[in-house]
Amino acid sequence: MLGWELPPYNSGGLGVACYHMSKALAVQGATIDFVLPYKASHADIDFMTIHGASSLPPESKVHLGSYDSEYVTELDLDNVDAGSLNTMRAVQKHYIKFVEKLVKKVQPDVIHAHDWLTMEAGVRAKALTGAPLVVHVHATEFDRSGERYGNPIVHEIEQQALLMADRIIAVSNITKAIIVKEYGIPEQNVEVVHNALDVDSFAPYTYDTRNYEYFEALKREGYLVVALITRFTVQKGLTHFVRAAAKACEKYDKFVFILAGDGEQRDELISLAASLGIADKVYFTGFVRGKQWRDVYTIADVFVMSSVSEPFGLTALEAAHHNSALIISKQSGVGEVLNNILRYDYWDTDRLADQLAAIALSPSLATMLKQGVHDEYANLSWKDVAQKCISLYSRVHEGIAA
Amino acid sequence: MTKGIALYLHVHQPYRVRPYSVFDIGNTHDYFGVKDDSKLNNEKMFYKVAEKSYWPMVSLLQSLLERNPGFKLSLSISGDFIDQAEEWASDLLEAFKRLVATGRVEIVGETYYHSLAFFYNRQEFEAQVALHRKRIQEVFDYTPTAFRNTELAYNDDLAKWADHTGYHAVLAEGWDKVLDWRSPNYVYKPTGTENIKLLTKNYKLSDDIAFRFSDQAWNEWPLSTGKYVDWLESADGQLVNLFMDFETFGEHQWAETGIFSFIENLVDTWSNRENHVFYTVTGAAAELEASGELSMPDTVTWADSERDLSAWNGNAMQKEALKYLYDLQNDVLRSFDDDLIRDWRLLQSSDHFYYMATKWLRDGDVHTYFSPYDSPYDSFISYMNAIRDVRLRVMAHNKGLLSTQNHSEAE
């Protein structure tokens, strides 16, 4: 299993998904060698063997920038100096060399590579061992770049690995469609396996009202709290969201919008909210972790996922777990596995404003959305994900053998 | 012994609420007119169903009536349908009139707006029944003598009302839990009534046609006329009540399934057998003796496995919508604004509430719930915004009323 991060050293959903999937696979009887680009103990993980490909500390800037594909400037790794470990490409080169050595010692039955970060290593391991390669796509370069085109070098890396893969797993139909359309991969090579949510990972937890006392007070005054927890990048469609928020305020004046997270667009969003006259209703919490992060979910009446392109969107399931009503852009994969949600096109600010106002004006709508999605999200289990993966492994294995 | 069939078909098209947003409130009172390719375009939907179902079925019924002098049937035609047909397909309405002109097609009374007003406001219910009666008289020169409530929603109170109003027959679902050991194939006297008779739907034999006909997973598929007639022959009792949507023919069951030739063969076969008859529902009530008394204190409908009203008022959104809708009654009627009253009544159609049902989200049983909306939540949002606009119009009238009063007081 070729990954790039695991909790707690993760900067996003990739690490969370890899962790739970591997754990569920181990329960199903799989023996996993999991390769990370950095060195960390991960003492809590006893269900698989973890290999650190470099001596980088887990907090390394390069590693935490794992979503910053835009800074990659070199396709040919022969031109990259692997010694310095101060660029993404250098770390990747180092990672590949480590994998080459590893597969000489441990012959894999299947190579499972996650996203562009590890795809080249996967292709290399396949070439050396003849083992089938499964490429698992959590996000493509198209998703990461929002409404822009993205980095052509990263496209190239993805394209080559997708062509070499024996089987491709996409985390949603949306992602599958991108793989087929943008990368020209035949539809039958791509299987959709939606992510899940591990409910047990949330317990035990008690909501601490002190964290957001001010919002609690507003709620008692009849305010509706709308929250987003996300990175502030173009992929997340936040400028559209802020415009919709301003429109919704024309119809209902007791809204509070919490934007939890951080990113390059923060200043732009702050000034946009001000220019639209809703600066006093939009709250920027900065990056939140742990209890504060959970408490945002708990305080939220409504959770919005406004992404321009979201392969899955695990945070929506976390919000469902914490009893929020969900409004999810039609461009977010998680919407494919939920019925009790409101959907809109990420650019359709009128529609989002209408939905926000509707929830504010109808107590029954808010209640039913919360209850409905809370009843259904728990049906999604990592066990199912693992079973689908294992069935896929055995099929590619037979395919190769024959 | 005589074998009888009472075939009753329900004809209805709702005015679906268009995507009506919070920003439309106060700006436009057009809740029903959308001109796109969606399933919410009422005009397009009407043409589609007319082509697939109404036209071929009306033509077939006309020729069956012409060649089989003993063939009779009953129809209920909602006011919403008549209004749509008049606007978009007046020749189709003429074709329905020709059916009725044969004298062997009964029209059953109901509420004009396909509403559940009986359970929310008796006065409004009676007003809608009267409106429907008047419309049927104008269009078809016919006065209904039998009654069916929307969604076949029935209880003892409805029977008493219909009896008191002078109807000869009333229709209900023949639900096992209510019938107990009894058969739906007999005519009954509803508890607490004097003259009226109750006909109960044989849902097994009706649903074999309406729901299961094209179901390839059904162990009786494909259903031949011969097999079905055998089932009818072996049924006990005085008659078999086959009650279903008119749109079963061509819309719910497409022409390709063979549904039209099935019903054609069925009518021809039955007509040619000795001592085999067709009844209209009033005809059955007149010719057949009540075999006993039947009581349904709790409301029974023809929907879902529950056969109650929960498909329309079971969840919190439906309850909220219904409450706001009927709370407006006095103000709306007092406005004497015909457009406002009509819009409010169009918003009473049971279809709106059915689209808000969330039961299937749990069951995953999407196929039993026809909805033109992406989700029940979407239908609720548009509906509630329309209700808010109605409320705004009511407020405008109230203010107007207030200022005239003040004015006259000043004088």
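How many residues does the contact take from chain A and from chain B? In this predicted model, the contact takes 22 residues from chain A and 19 residues from chain B. About 1700 Å² of area is buried between chain A and chain B, and carbon and sulfur atoms give 62% of that area. Across the interface of the two chains there is 1 salt bridge. That bridge joins A:Arg351 to B:Asp378, with the closest N and O atoms 3.1 Å apart. Polar contact links 7 residue pairs across the interface of chain A and chain B. On the chain A side, at least two residues each come from helix H9 (238–251), helix H13 (349–361) and helix H14 (363–377) of chain A. The largest share of this side, 8 residues, is supplied by H13(A). By class, the residues of chain A that touch chain B divide into 10 nonpolar, 5 polar and 7 charged.

With the meeting of the chains described, the next step is to look inside chain A. Chain A is divided into domain 1 (13–196 + 381–401) and domain 2 (200–377), and 30 Å separate their centres, taken over C-alpha atoms. Here, 21 residues of domain 1 of chain A are in contact with 19 residues of domain 2 of chain A. The area buried between these domains of chain A is about 1500 Å², with carbon and sulfur atoms giving 59%. Between domain 1 and domain 2 of chain A the count of salt bridges is 0, whereas 5 residue pairs are in polar contact. On the side of domain 1 of chain A that touches domain 2, two or more residues come from each of H1, helix H5 (141–144) and helix H7 (173–183) of chain A. H7(A) gives the most to this side, with 4 residues. The side of domain 1 of chain A that touches domain 2 has 7 nonpolar, 9 polar and 5 charged residues.

In chain B, 36 residues of domain 1 are in contact with 31 residues of domain 2. About 2800 Å² is buried between the two domains of chain B, of which carbon and sulfur atoms give 59%. Three tyrosines stand out: B:Tyr31, B:Tyr113 and B:Tyr120 supply 22% of the area that domain 1 of chain B buries against domain 2, more than any other three residues. The interface between the domains of chain B holds 2 salt bridges. The side chains of B:Asp83 and B:Arg342 meet in a salt bridge, at 3.0 Å from N to O. Across the interface of these domains of chain B, 20 residue pairs are in polar contact. Helix H2 (79–88) and helix H4 (122–140) of chain B each supply at least two residues of the domain 1 side, and the largest share, 5 residues, comes from H4(B). That side of domain 1 of chain B has 16 nonpolar, 12 polar and 8 charged residues.

Over all chains, the whole structure has 46 aromatic pairs. One of the pairs is edge-to-face because the rings of A:Tyr9 and A:Tyr38 have their planes at 75°, with their centres 6.0 Å apart. A:Tyr9 lies in the segment before helix H1 (13–27) of chain A, and A:Tyr38 lies in the loop between strand E1 (33–36) and strand E2 (49–52) of chain A, so the pair ties together parts that are 29 residues apart in sequence.

How values were computed: Residues are numbered from 1 along each chain as its sequence is written. Chains are lettered from A and ligands numbered from 1 in the order in which they are written. This is a predicted model: local features need pLDDT of at least 70, side-chain atom pairs count only at pLDDT 80 or more; totals for chains, interfaces and linings use all residues. Side-chain values use heavy atoms; hydrogens and water are left out. Contact means heavy atoms within 4.5 Å. Buried area is the accessible area (1.4 Å probe) that two parts lose on being put together, summed over both. A salt bridge is a side-chain nitrogen of Lys or Arg within 4 Å of a carboxyl oxygen of Asp or Glu. A polar contact is a pair of N or O atoms within 3.5 Å; within protein, one must be able to donate a hydrogen and the other to accept it, and residues adjacent in sequence count only if both atoms are side-chain atoms. Ala, Val, Leu, Ile, Met, Phe, Trp, Tyr, Cys and Pro count as nonpolar, Asp, Glu, Lys and Arg as charged, and the others, Gly among them, as polar. Rings of Phe, Tyr and Trp (its six-membered ring) pair if their centres lie within 6.5 Å; planes under 30 degrees apart count as stacked, over 60 as edge-to-face and the rest as tilted. Domain bounds come from an automatic or database domain assignment.
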